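Reader: I would like to learn how to read this model, feature by feature. Where do we begin?

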Amino acid sequence: MRFISTRGQTSPLGFSDAVATGLAPDGGLFLPETLPTFTAAELTRFEGLKYAELCFDFLQRFATDIPAGELREIVRKSYTTFSHPQIAPLEQLGDKLFVLELFHGPTLAFKDFALQLLGNLYERQCRVRGETINVLGATSGDTGAAAIHGLLGKPGTAIFILYPDGRVSPLQERQMACTGASNVFALAVDGTFDDAQAALKDVFGDQAFRTRHRLSAVNSINLARVLAQCVYYLYAWLRLPPKIRTEVEFVVPTGNFGNVLAGWMLQKMGVPIRGFRVATNQNDILYRLFTTGEYRVADVHPSLAPSMDIQVASNFERFLYYSVGCNPERVRSIMHTFKSTGAYVFDAFDRDSFTASCTTDAEISGIIKHVYQKYGYTVDPHTACGFKDLDPAKPTVVLSTASPAKFPETIVAATGREPTDPALEALKSRSIVKHRIQATPAAIKAFIDERAV
Ligand SMILES: *Cc1c(COP(=O)(O)O)cnc(C)c1O
């Protein structure tokens, strides 16, 4: 299987190269050249598989350049770090209401599904090529922690994560700075997230530096992330009562569109899912898109669901590619218009598969309280966005993207109870190792020069 760029100006690559490359050199995002189609017989066979087996079976259609035995081992290893035996348990709250819990990985958020796998793929790449890799990223919270835990202690790799000092939650800082691993560097930047991001962009802009350290970016657009995320939709779908499967709507708390895109691609592969709800917080660019057809940037307003505070949904370009009949020229021209004017109006896309909702901070607190009172179930502020205006008559699976234990203040304020998790409790007694650093390209480069592998 080969992978093409949404902008059509990059030669197709094999799976491992596309994963190692991240963003395509023409500025586009990688997608499979063709999508497999699952038959009813295959779907029936999948019912008997455990999570890691299903994941292997799914991925081997794409990762055709990795020997099957090796791929199976990579997948197995990636999910042994999860604390729940089912990896992605489907909890039933009502007659037709289900929650898919995606927070049993090491950092208690759904990004672990992709980043545990990605870390093991990077490790293999280093071994096969006999090279080391240095991963660099800036984070306002979840992504940095998940990336760190994906590479923790992996030979041949080092990871440098910049975050604004004093502006991520104490628990998030601990997830990054208390790992004890010698290949992990938590860099507390003197400045805001935007300062860190700007300095980082500069560092990546230095081609010589980038090549010298085989620098790779942490981001939400890696091909492996989308493919890894398809699997839990399939796993959940197979666990629903057969008579409601084709009627089900997956409700997805959404920021960069990466999570919901994976579900939609699975539907394109022949899995009969009714549709998807794009559930945003008050940063509602995608809500406006799916209700009006207009995609227009707006300022970001920090919310109680910070991992969904985005201005532009980076994975949207993959959806766009399919929406314009897989025509890369059209993608280039639309992305150009969007970049230069900050807006684009669509005349046609797959609206049949999508509904949308947006949830304000005031509503988030109310929903956490309501869900707790009605079902005795605690949802985190991101997941709460998925519980807005649900219709009990319709089969629904809400994706739960983070553990409530990651957001104790918001949960206590809404329910009066403090959520806990053993993994987070253990972190509280460990010492923080962080490196304070100026938000300048020179300071960052000097640090990397000294510690890179
Ligand atoms: C990243 C994140 C999201 C948003 O996911 P996208 O793939 O960017 O749409 C939602 N909830 C949590 C907890 C996250 O960490």
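Author: We begin with a loop. Thr359 sits in the loop between strand S13 (354-358) and helix H15 (361-375). Helices (H or I, at least four residues) and strands (E, at least two) are DSSP runs, numbered from the N terminus. A word on the ground rules: this is a predicted model, where local features need pLDDT of at least 70, side-chain atom pairs count only at pLDDT 80 or more, and totals for chains, interfaces and linings use all residues. Residues are numbered from 1 along each chain as its sequence is written, and side-chain values use heavy atoms, with hydrogens and water left out.

Reader: Is Thr359 buried or exposed?

Author: Buried means under 20% relative accessible area, exposed over 50%, and partly exposed in between (1.4 Å probe, protein chains only). Thr359 counts as buried because its relative accessibility is 0%.

Reader: What does Thr359 touch?

Author: Contact means heavy atoms within 4.5 Å. Not counting residues up to four places away in sequence, Thr359 touches Thr280, Asn281, Gln282, Ile364, Ile367, Cys385 and Lys388.

Reader: Where does Arg7 lie, and why does Arg7 count as buried?

Author: Arg7 is in the loop between strand S1 (3-5) and helix H1 (15-21). Arg7 counts as buried because its relative accessibility is 19%. Leaving aside neighbours within four places in sequence, its contacts are Asp26, Gly27, Gly28, Glu317, Pro328, Val331, Arg332 and Met335.

Reader: And Ser182: buried or exposed?

Author: Ser182 counts as exposed because its relative accessibility is 71%. The loop between helix H7 (170-177) and strand S7 (184-190) holds Ser182.

Reader: Now strands. How do I read a pairing?

Author: Two strands pair if DSSP finds at least two bridges between them. Take strand S5 (residues 133-138). S5 and strand S6 (residues 157-164) pair in the parallel sense over six bridges. Within that pairing, Asn134 stands opposite Ala158 in S6. The chain goes from S5 through helix H6 (residues 142-151) to S6, and this β-α-β crossover is right-handed. Right-handed means that, with the strands pointing away from the viewer, the path from the first strand over the helix to the second runs clockwise.

Reader: How many bridges join S5 to strand S8?

Author: Three bridges join S5 to S8 (residues 215-217), and the two run parallel. Here Asn134 stands opposite Leu215.

Reader: How covered is S5?

Author: S5 is mostly covered, with six of its six residues buried. Ile133, Val135 and Gly137 are buried on one side, and Asn134, Leu136 and Ala138 are buried on the other.

Reader: Which way do the side chains of S15 point?

Author: They alternate along S15. S7 and S15 run parallel, joined by four bridges. Ala188 stands opposite Arg436 in S15.

Reader: Why is helix H3 called largely enclosed?

Author: Count the buried residues. H3 (residues 51-59) has seven of its nine residues buried, so it is largely enclosed by the rest of the structure. The buried ones are Tyr51, Leu54, Cys55, Phe56, Asp57, Phe58 and Leu59. Their cover includes helix H2 (40-46), helix H4 (68-79), H5, H10 and helix H11 (258-268).

Reader: Which residues touch the most other members of the largest nonpolar core?

Author: A nonpolar core is a set of buried Ala, Val, Leu, Ile, Met, Phe, Trp, Tyr and Cys residues joined through side-chain atoms within 4.5 Å. The largest here has 113 residues, and Phe250 and Phe257 touch the most other members. Helix H10 (residues 223-239) gives the largest share, 14 residues. Apart from this core lies another, of 20 residues, among them Val99, Phe103, Tyr377 and Val398.

Reader: Last, cavities. How are they found?

Author: Rolling a probe the size of a water molecule over the atoms shows where empty space is left. On a 1 Å grid over the protein atoms alone, a cavity is a set of points where a 1.4 Å probe fits but cannot get out; lining residues have an atom within 4 Å of a point. Grid points are joined across faces, edges and corners, and a volume is the space filled by probe spheres set on the points. The structure holds two cavities of 30 Å³ or more. The largest cavity has a volume of about 110 Å³.

Reader: Which helix supplies the largest share of the lining of the largest cavity?

Author: Helix H5 does, with four residues. The lining residues include Leu115, Leu118, Val135 and Asn222.

Key. On a 1 Å grid over the protein atoms alone, a cavity is a set of points where a 1.4 Å probe fits but cannot get out, and a pocket is an open set with protein on both sides within 12 Å along at least five of seven lines; lining residues have an atom within 4 Å of a point.
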